[in-house]
Amino acid sequence: MAVGEVMRMEIPSGGDMSVTSPELHVLAVDDSIVDRKVIERLLRISACKVTTVESGARALQYLGLDGDKGASGLKDLKVNLIVTDYSMPGLTGYDLLKKIKESSVFREIPVVIMSSENILPRIEQCLREGAEDFLLKPVKLADVKRIKELIMRNEAEDCKTLSHSNKRKLAEYIDDASSPSPSPSPSPSSSTHDDSSAKDFPSSKQMKSADEKFSSLL
Amino acid sequence: MELVQMQKSLQDYTKSLFLDGVLDSQFLQLQQLQDESNPDFVSQVVTLFFQDSDRILNDLSLSLDQQVVDFKKVDPHVHQLKGSSSSIGAQRVKNACVVFRSFCEQQNVEGCHRCLQQVKQEYYLVKNRLETLFKLEQQIVASGGMIPAMELGF
């Protein structure tokens, strides 16, 4: 997998989504040692792998985004989610969010902001900048569960779209390979169409049924 | 003391902390995160809180004792303490920090000094209570018993 690529779920051919789901690796960023301990436990108990760092600068270093080429070896696992505190000395959570979204390599990683202060303009600013969600501190188990489900659902939808479009392409290929017998034109006007469009009509009908066949497997 | 009696004492003691507002539901959240694989989670987090708070309170005392108080230094410390106390459910400490911050905003030195005393008072109270709570738990475990799960029906 390329660096920074979001982990894809493996979907068995039977279409059963509940079978294998690899663990999310979460990078948690917070300057409070107490909060780092709590968020780490919340994530671990929710079956996530966790790496905690104490600042935005350390987070960038971990990801290899700090411009120091030598640091890129620090990261041993792909990061699937970043959860960061908003108010931190130095780089704020918002600054970190911006840097991640500016990066062509890491912009796909979902970022969740945490804050003890329920300030609407702040929340809006983060969501506008591309934050996946905003958690109000103190963070609870239900919050982490919800975030995890959201991330897993997004991953699954990406896979489903990918898998579905691959199956469409396969159906098209099968169609083109065999030569379909042209069905009678449904209306007189279609007889004025050229050959290519007459061929299109029956094959698109066949593709649709092939699609339906495949969709029922999902 | 019999095991059952000790367990009852622990439950009553814990309940009183909630009724007095010393602890809030966030403490229950922490207890939910404790299990056989992590049997000391709560005491570990609380210990971190004590260490962190001791440091912050010390820094606050120093900052407020300066000839010219730099509120840009004071406020972040109070914000930190507010955050960590909130994370463990130390409600009264958190509330005292909220008041403290408003005096920082007003740049009221006298008010801040009073607030620091209030925060310290609440902090030593919750520290004392939690240390007692953990001692009770240890006695139960030492007697071969299990810590009873906190009932939420009060």
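## A helix pair in chain A

The crossing of helices α2 and α3 in chain A is right-handed. This is a predicted model. Helix α2(A) covers residues 56-63. The axes of α2(A) and α3(A) come within 9 Å and cross at roughly 20°. Angles under 35 degrees count as roughly parallel, so α2(A) is roughly parallel to α3(A).

Which residues of the two helices meet? On the α2(A) side they are A:G56, A:A59, A:L60 and A:L63. On the α3(A) side they are A:L96, A:K99 and A:I100. By class, this contact of α2(A) with α3(A) has five nonpolar residues, one polar and one charged.

## The sheet of chain A

Strands of a sheet pair through backbone hydrogen bonds, either parallel or antiparallel. In chain A, five strands form an open sheet, and the pairing is parallel. Their order is β2-β1-β3-β4-β5. Which strands sit at the edges? They are β2 (49-53) and β5 (133-136) of chain A, and each pairs on one side only. From one strand to the next, the twist averages 20°.

Strand β1 of chain A spans residues 25-29, and strand β3 of chain A spans residues 81-85. They pair in the parallel sense over four bridges. Within β3(A), A:L81 stands opposite A:V26.

Helices pack on this sheet too. Helix α3 of chain A, residues 93-102, touches β1, β3 and β4 (111-115) of chain A. The direction of α3(A) makes about 175° with that of β4(A). Helix α4 of chain A, residues 120-128, also packs on the sheet. Helix α4(A) touches β4 and β5 of chain A, and its direction makes about 150° with that of β5(A).

## Two backbone details in chain A

Most residues other than glycine have a negative phi, and most peptide bonds are trans. A:A47 is a residue other than glycine with a positive phi, near 60°. A:A47 lies in the loop between α1 (33-45) and β2 of chain A.

The other exception is a peptide bond. The bond joining A:K137 and A:P138 is cis, with omega about 0°. Where is A:P138? A:P138 is in the loop between β5 and α5 (141-177) of chain A.

## Chain B: helices

What makes up the secondary structure of chain B? The count is six helices and zero strands. From the N terminus on, the elements run α-α-α-α-α-α. The C-alpha atoms of chain B fill a box of roughly 55 × 30 × 25 Å along the principal axes.

## Two helix pairs in chain B

Two packed helices are described by the angle between their axes and the distance between the axes. Start with helix α3 (residues 41-64) and helix α6 (residues 109-142) of chain B. Their axes come within 11 Å and cross at roughly 160°. Angles over 145 degrees count as roughly antiparallel, so α3(B) and α6(B) are roughly antiparallel to each other. Their crossing is left-handed. Residues making the contact include B:F49, B:F50 and B:L57 of α3(B), and B:L116, B:Y123 and B:F134 of α6(B). By class, the contact of α3(B) with α6(B) has 13 nonpolar, four polar and four charged residues.

The second pair is helix α2 (residues 25-32) and helix α4 (residues 71-88) of chain B. Their axes come within 6 Å and cross at roughly 60°. That angle makes α2(B) oblique to α4(B). B:Q26, B:F27 and B:L30 in α2(B) meet B:S86, B:S87 and B:I88 in α4(B). The residues of this contact divide into three nonpolar, three polar and no charged.

## Where the chains meet

The size of an interface is often given as the accessible area lost when the parts come together. How much area is buried between chain B and chain A? The value is about 1,600 Å², and carbon and sulfur atoms give 61% of that. In residues, 23 of chain B are in contact with 17 of chain A.

Which residues of chain B lose the most area to chain A? They are B:Q26, B:L33 and B:L48, together 30% of what that side buries.

Methods
Residues are numbered from 1 along each chain as its sequence is written. Chains are lettered from A and ligands numbered from 1 in the order in which they are written. This is a predicted model: local features need pLDDT of at least 70, side-chain atom pairs count only at pLDDT 80 or more; totals for chains, interfaces and linings use all residues. Side-chain values use heavy atoms; hydrogens and water are left out. Two strands pair if DSSP finds at least two bridges between them. Axes are lines fitted to C-alpha atoms, for helices over the stretch in contact, and angles run from 0 to 180 degrees between N-to-C directions. Contact means heavy atoms within 4.5 Å. Angles under 35 degrees count as roughly parallel, over 145 as roughly antiparallel, 65 to 115 as roughly perpendicular and the rest as oblique. A crossing is left-handed if the near helix is turned anticlockwise from the far one by less than a right angle, and right-handed if clockwise. Ala, Val, Leu, Ile, Met, Phe, Trp, Tyr, Cys and Pro count as nonpolar, Asp, Glu, Lys and Arg as charged, and the others, Gly among them, as polar. Buried area is the accessible area (1.4 Å probe) that two parts lose on being put together, summed over both.
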